[in-house]
Amino acid sequence: MALHEENPSKVKRADIVVGIPSYNEAQTISHPTTQADLGLLQFFGDKSSVIINCDNNSPDGTKEAFLNTPTKTPKIYLSTPSGVRGKGNNLIELFAKVNELGAHACIIIDADLKSITPRWIRNLGEPLFMDFGFVAPLYVRHKYDGTITNNIAYPFIRSLYGRRVRQPIGGEFGISGEIVRIYLEREFWNNEISQFGIDIWMTTLAIAHDIPICQSYMGRPKIHRPKDPGADLGPMFEQVVGTIFNMMIPYEPYWRKIRWSKPTAVFGFGLGEMELPPSVEVDQEGLYQRFLQGVAQFQTVWKKVLAPEVFAKLMEVTELVREHLDFPTQLWAHILFDYAIAYQRFKGDKKMLLDSLIPLYFGRVCSFVQRTDRMSIQEAEEYIDGQCLVFEEARPYLDERWGKGGGEDV
Amino acid sequence: MYKILVVDDEESIRFLYQEELTDEGYEVITAESGYRLVERIEEEGPDLVILDIKLAGYDGLDLLQEIRSRYYDLPVILCSAYEVFKRDIKTIAADAYVVKSSDLTQLKEMVRRALEGRTSLERGSDEDGGGV
């Protein structure tokens, strides 16, 4: 039970729940709430439903903004205890409520979504009333929006667990009551998962528990608060990457059996013309400079984490001027695999280890931006798909080194 | 022996694929159109489908959706003479996309990978449910 719950309509049962996690989203939460209401009425009118805001006791009036949004669907406000923050903590409160309500389906949407339409609710929810237990979104994003997804989460999860989930940390999901109960067991729960690690944790558990997964086409691009990949990295990087690395340890028996990836079913095509997302500006020089600063700051760590041939190749890359920076995908895959191995063995502060990966990520993103600069979104998508194949082809590198160590002790 | 269903409206392509893939040790059956394709899959139980995109009277990408809605895990490789269709987001539901060529090296490699992936996942499921 959350510390604070307001349930003005005294809802006790629901077939379908729309959950909106938030912290200080008073300015934005009304729009997704309204769209969720319209979607539930239009496409799930024969089912009992409720919209739940799972909040972190926001001081900016998120609760009032949510509860005062006019809707026909009843609403519930939940909050974590005072001082407890994190998207993962919000969602665990939501899952407990979904289970208590006996809901068959739960749709999760971000509170800062500007482009959501009622069809998003249909497309994230309808597959859950077919045979699917986990629905990930499929939307067009600008080639520089979602750089952690494009350069780490998607290729890594795809090559490791063998499932192509294009937006594994997209923020919008559809989940069945069955997988909610799996989530409530909180396998491998930790501080990273209780924050931004929650999305990749949910996706990984769905794959590893063999829950039928589908990707659902949203029809419109994801438009939310724009983020410069260099300026807005924040703690998200370590929470997402730390969770990916952490979960490799218990799920080793699963991923060891995987060699090549498979596609997932797709739902919801035929929604009209593709709308282009707004462009995302990237400070390439800033990315490059932070990459170079990492050389001075972390070179000794890199030498210990990376295999000698990988470190040598990386040093060649650090000598390239920005205009000619080329950070090969195979090198990037080997670096991530070496870091995953080091993370498994490392007994010290793992945050420090992940900090040393961030400049390499900036270098990689800078190279990605330069390579895709003149590409259309579709061409960049093909390029990303090609990168994923390189990760899959590099898998034997990981398989041979995992468990044997790699590089020196950090 | 793995069974492969080749769906293509060009007889020469069906013949080429059948010859070459049979030589690789696969059992190959063919269909010249998308008519009753899902029923054909139901009857024949192929392990993999090679599907042309521009079929007379049928859109291979729509057929792919139809197959996926019934057969979640059946490997499907899209084949087309044109690279441009690869940019259609619907192709994401396929295991691979191969541009047609008289050299079948890439197609054979994609067939091998798709069937290898199928084998490893099935093995995972059989042994321990695929979980931890």
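These notes cover a helix of chain A and the fold of chain B in a predicted model.

1. Conventions. Local features need pLDDT of at least 70, side-chain atom pairs count only at pLDDT 80 or more, and totals for chains, interfaces and linings use all residues. Residues are numbered from 1 along each chain as its sequence is written, chains are lettered from A, and side-chain values use heavy atoms, without hydrogens and water.

2. Helix H15 of chain A. Helices (H or I, at least four residues) and strands (E, at least two) are DSSP runs, numbered from the N terminus.

3. Burial in H15(A). Buried residues include A:Ile377, A:Tyr383 and A:Phe391. Buried means under 20% relative accessible area (1.4 Å probe, protein chains only). Their cover includes helices H5, H12, H14 and H16 of chain A.

4. Chain B overall. The chain has 4 helices and 7 strands, in the order β-α-β-α-β-β-β-α-β-β-α. Of its 132 residues, 50% count as buried.

5. Strand E1 of chain B. Because 5 of the 5 residues of E1(B) (3–7) are buried, the strand is largely enclosed by the rest of the structure. B:Lys3, B:Leu5 and B:Val7 point one way, B:Ile4 and B:Val6 the other.

6. Neighbours of E1(B). Pairing requires at least two DSSP bridges. E1(B) pairs parallel with E2(B) (27–31) over 5 bridges; B:Lys3 partners B:Glu27. E1(B) also runs parallel to E3(B) (48–52), with 4 bridges; B:Val6 stands opposite B:Ile50.

Note on methods:
Contact means heavy atoms within 4.5 Å.
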